[in-house]
Amino acid sequence: MTVANLYYAQPLLSSLRDVFHVGTAAAGGLITLTQVGYVLGMLFLVPLGDRLEKRKLITVLLTVTTLALVAAGLATNFPMLLIASLISGGTSVVAQILIPFAASLAPDHARGRIVGRVMSGLLTGILLSRTLSSLVSDVAGWRVVYLGSAVLMALLALALRAALPRHAPTTTMPYAQVLRSTLQLVRTHPVLLRRGLYQAAMFGAFSAFWTTVSYVLTGPHFHYSPVGVGLFALVGAAGAAVAPFAGHWADRGHVRPVTGVAFAVAAVAFAAAGFGQEHVALLALAAILIDMAVQTTLILGQHTIYQLDANARARLNSAFIATFFVGGALGSQFGSIAYHAAGWTAVSVLGAALPVLALLYWTTERRAARRTAA
């Protein structure tokens, strides 16, 4: 429910563009700014998961999210919607406080599988958010999407306050030192930056696809309604099924080879997407493959970084997620620009190039590991 706040607007971009009389690139900026807010939350709020009692922190963040979503639902102009989305994106990092919490509770031999199970719920929320927002907006209008989510956030705050166990902080460092230590973790653990860059490329491709595919589906070839766009997103949700398998592969020690395969699959998926602007079956196949590949590398990356320092998992997660959400924000914006400039073909080329670059970087992994060891 929390991470869905980042994606409710994606199938509504065509409608919001017309309602507020803004251009395609400006409408795509709504997704970009929401993800920028998420990056800021990852950098400045998630590290508090190591410093403060988690249950209280989660309750406060969800309260702010609720208020921001109410403001978005009542927005009278596009800048107001942008600011509210920036704030709600920043405080929707609650999920990224809960994931390292789950990793801390899990035994070592099953950590990958348990993180994969939690991530499957989170990733399903990402993918189903588009369908839900399309259906709700068609029945009751786009404002009810935001106001309805505000109600969900308020109920979730109460439920988690009652259900979560208290969890003592793992550090007593002052807040400023916690932030500095997060940056220090990036320097201390080169694999943290590497996995973050891998995922930045993958999430950039993912965001470029899902930010612009609604323009294709509502365009002259398909004439989909917002509900049709939302139903199309259900196809992509099938990709969430790979999450538990990815956790199992991580536990079995197959992180590196499966990562390379995922990069290759994503590149092939965008090649198929390029031919899909007149064939919805190819677009659907591409959506499934892209989502599976992105989710696989995400879970493998989290499994890897959680092994680095058991007392700093919130900060490790903060640096990791912030790094790749920068890629997601750039992917959303450049995807919108590419579509405006040269259509779906340009988006497909951009989307294929990103995992190919990640694959090339992946080929240097063994050499970098030997250099670090030396």
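Student: Why is R17 called partly exposed?

Tutor: This is a predicted model, and R17 has a relative accessibility of 24%. Buried means under 20%, and exposed means over 50%. The value for R17 lies in between, so R17 counts as partly exposed.

Student: What makes R17 and D18 a salt bridge?

Tutor: The N to O distance between their side chains is 4.0 Å. The rule asks for a nitrogen of Lys or Arg within 4 Å of a carboxyl oxygen of Asp or Glu. The pair therefore meets the rule.

Student: How many salt bridges does the rule give?

Tutor: The count comes to two. R256 and E365 form a salt bridge as well, at 3.7 Å from N to O. R256 belongs to helix α13 (residues 255-274) and E365 to helix α16, so this pair ties together parts that are 109 residues apart in sequence.

Student: Are R256 and E365 buried or exposed?

Tutor: Both R256 and E365 are buried.

Student: Where is R370, and what makes it exposed?

Tutor: R370 sits in helix α16, which covers residues 365-373. Its relative accessibility is 55%. Exposed means over 50%, so R370 counts as exposed.

Student: Which residues gather with R370 in a patch of positive charge?

Tutor: R366, R367 and R371 gather with R370 on the surface. Arg counts as positive, so the patch is one of positive charge.

Student: What makes up the nonpolar surface patch?

Tutor: M1, V151, L152, L155 and L158 make it, and its area is about 470 Å². L155 lies in helix α8, residues 142-163.

Student: How do you know that L155 is exposed?

Tutor: Its relative accessible area is 51%. The cut-off for exposed is over 50%, so L155 is exposed.

Student: Where does H21 lie, and why is it called exposed?

Tutor: H21 is in the loop between α1 (13-20) and α2 (24-44). Its relative accessible area is 72%. That is over 50%, so H21 is exposed.

Student: What about H223?

Tutor: H223 also has a positive phi, near 55 degrees, and is not a glycine. Its place is the loop between α10 (190-217) and α11 (226-237). With a relative accessible area of 59%, H223 is over the 50% cut-off and therefore exposed.

Student: Why is G219 called buried?

Tutor: G219 lies in the loop between α10 and α11. Its relative accessible area is 12%. Buried means under 20%, so G219 is buried.

Student: How far apart are G219 and R367?

Tutor: They are 148 residues apart in sequence and 47 Å apart in space, C-alpha to C-alpha.

Student: Is A312 buried or exposed?

Tutor: A312 has 1% relative accessibility, which is under 20%, so A312 counts as buried. A312 lies in the loop between α14 (280-305) and α15 (313-362).

Student: How many helices and strands does the protein chain have?

Tutor: It has 16 helices and zero strands.

Student: How does the radius of gyration of the protein chain fit a compact globule?

Tutor: A compact globule of 374 residues would have a radius of gyration near 21 Å. The protein chain has 20 Å, so the two agree. Its C-alpha atoms fill a box of roughly 55 × 45 × 30 Å along the principal axes.

Student: What share of the 374 residues is buried?

Tutor: Buried residues make up 57% of them.

Technical notes: Residues numbered from 1 in each chain as written. Predicted model: local features only at pLDDT ≥ 70, side-chain atom pairs only at ≥ 80, totals over all residues. Heavy atoms only, no water. Patch = residues over 30% accessible without salt bridge, like charges linked within 9 Å, V, L, I, M, F, W, Y side chains within 5 Å. Areas by Shrake-Rupley, 256 points an atom, 1.4 Å probe, with all protein chains shown as cover. Charge placed at Lys NZ, Arg CZ, Asp CG, Glu CD. Helix = DSSP H or I, 4+ residues; strand = E, 2+ residues; numbered from the N terminus. Buried < 20%, exposed > 50% of the residue type's maximum accessible area, 1.4 Å probe, protein only. Rg over C-alpha atoms; globule rule 2.2 N^0.38 Å.
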